Amino acid sequence: MPIAAQERLIRPARNVYGSLRLPGDKSISHRYAMLAAFAEGTSRFTNFSTGADCASTLACMEALGAKVNKTNDNSVEISGVAGRVIPAKHPLDCGNSGSTMRMISGLLAPQQGSFTLVGDASLSRRPMERIRKPLETMGARLTLTEGHAPLTIHGNPLHPIDYTTPVPSAQVKTCVLLAGLQTAGTTTVREAVRTRDHSELALRAFGATLTRTLDSVSIPGPQCLYAISAAVPGDISSAAFFLCAAALFPGSGLVFDSLGLNPTRATLLDVLTALGAHIAVLNLEEKNAELVGTVQVSAPPQGLGSAEVSGALAAQLIDELPVLAAIAPYTSGGIRIRGARELRVKESDRIALIVKNLRTMGAEVAEFEDGLDVPGGQTLHGATIDSGGDHRIAMAFSVAALRAEGETLIQGAESAAISFPEFFNLLDLVAER
Ligand code: S3P
C-alpha cells in the first residue's frame, strides 16, 4: 500500500530504549521570543523550540519590528523594540498557535495602532472571547469574528484590573499580565488552579517585578524589560510521548537530559509513578528560574495499574491527556479522566478524536462531556488513525501503535511538526523492533 507524505506507518515495538535530549520547551520558547522582542537589547537563546508554533511567534514579532536571527543549531538571537512595536503592514499570522494569538493580543492591546491577527482553520475555530473579556475590562478595543479569529486590536492606553480567570488558562493569564506590564497601576490575575507559570518566571528573568500568592499574580506597570541569554529546557510535553511509550514495555529504559521540570508542568511524572512506572529525577538545576534535570523512566515488570485524573490535575495535565488516554487500554485498571472539558477546544476536539481513534483500534471507551473512561486490560489492533491535523493526537496514537497488534497508519502525521518535528525520527531511534 503506498503511503502518502502526510502519513506514517507505525509498526509494533518490542521495547523502548535509549537516551534523548529534546528540543526546547514550546511554552517557554513562545514567552522568551515575545519578551525578548519587546525588551531592550539583544537576547540569545539556545535549544529554542523547533516547532512551527514558535516559528509563528518569531515571525509575528519580526513583523512588529524585532530583529530575529536564527541559526541552524536551534539558537536564536532577538533584538527587541524596547517597549514600542511598529504596527505591522499585513495581518499577523499566528498559524496553528493559540498561545501566539492569545498572548500577543495582551502585548498589543496597550500599544499604538491597529493590529489584525489571523490563524489557520483550526485556530480560527478556537474561542477568543476569553481574552476579549479581560482586555475590554482594561479598556481595550477588540473586534472578533463571531467570538473567533480573525481579530483586530485597536491599541490604546489601558487601566489595571483584578481579574479571576473563569477557566484555568495560562494563555489568558499571560495575555492579561502582558497588558498589565504596560499599564499604570497594578494588574492582578487570580486563578483557581495554578496554571503553568513560565510567564511569571520569564518576566522576572527579563527584569520585571511581580508578586505572587498561591492563587494570584500581580504586576505593577509600566515596566521595562531587558535582554537575557538563556538555554531553553527540553520540552516535557514532548517527552510525555516517550515517557508513556517507555512505561508500556517491561525492560524498557529511557533517559532524558536537560528536561524542563517546572512543577506546573511535571504532573505526568506523578501520574506515571502512581501507575507503577519507575521514574528517577537526577541533576536538578535552576536556570533562569526554570527547573531542569535528567529523568530516567522504566516500566514496572507487572505492567501499569490504574489512574484517575480530575480537577486541578486535569488542568495541569491538559497537554498530556491525549497520550495518557491512548495508552490507557494497556493498563490493568484503566484510566478515568474528568474535568477536562478544555480538551474540546484545543487544536481539535481532542476528546472526540481520542474516543474515535481508540474505538477504531478496537478499544472500549466511554465518552463524557468533560472526559472519558478507558477500561484497562484491552488489546488494540493496528488501524488507520485520523489525527484531525492535531499534533498531539498524531503523536499519542503513534505511541499507542507501538503495543498494538499489527501496523497502524497515522493520517495527518505531518502535524507533529507543530510542536515536535523530530518526533518520528526519535521514535524510530528508541523503538526496538
Ligand atoms: C499553553 C497553555 C495551555 C496549553 C497550551 C500551551 C501555554 O493552553 O494547552 O498547549 O503555553 O500557555 P491554555 O492556556 O489555553 O490552557
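**Exercise 1. At what angle do helix α3 (residues 98–108) and α5 pack, and how far apart are their axes?**

Before we start: this is a predicted model, where local features need pLDDT of at least 70, side-chain atom pairs count only at pLDDT 80 or more, and totals for chains, interfaces and linings use all residues. Residues are numbered from 1 along each chain as its sequence is written, and side-chain values use heavy atoms, with hydrogens and water left out.

*Step 1.* Find the helices (DSSP runs of H or I, at least four residues, numbered from the N terminus, while strands are runs of E, at least two).

*Step 2.* Take the axes (lines fitted to C-alpha atoms over the stretch in contact, with angles from 0 to 180 degrees between N-to-C directions). For α3 and α5 you get about 25 degrees, with the axes 6 Å apart.

*Step 3.* That makes α3 roughly parallel to α5 (angles under 35 degrees count as roughly parallel, over 145 as roughly antiparallel, 65 to 115 as roughly perpendicular and the rest as oblique).

*Step 4.* Now look for contact (heavy atoms within 4.5 Å). The α3 side includes Gly-98, Ser-99 and Arg-102, and the α5 side includes Gln-171, Thr-174 and Cys-175.

**Exercise 2. Is Gln-171 buried or exposed?**

*Step 1.* Locate Gln-171: you'll find it in helix α5.

*Step 2.* Check its relative accessible area, which is 14%. So Gln-171 is buried (buried means under 20%, exposed over 50%, partly exposed in between, with a 1.4 Å probe and protein chains only).

*Step 3.* Skip its neighbours within four places in sequence, and Gln-171 is in contact with Gly-98, Ser-99, Arg-102 and Met-103.

**Exercise 3. How many disulfides does a search of the whole structure find?**

*Step 1.* Run the search over the whole structure, and the count is 0. Take Cys-60: its nearest cysteine sulfur belongs to Cys-94 and is 4.3 Å away, and Cys-60 is in no disulfide.

*Step 2.* Cys-60 is also buried, at 1% relative accessible area, and Cys-244 is buried at 0%.

**Exercise 4. Which residue in β17 is the bridge partner of Glu-285?**

*Step 1.* Pick out the strands: β16 covers residues 278–287 and β17 covers residues 290–298. They run antiparallel and are joined by 8 bridges (strands pair if DSSP finds at least two).

*Step 2.* Go across from Glu-285 and you land on Val-292.

*Step 3.* Look at the turn of this hairpin: 2 residues lie between the strands, and Asn-288 there has a positive phi of about 50 degrees.

Terms used
A disulfide is a pair of cysteine sulfur atoms within 2.5 Å.
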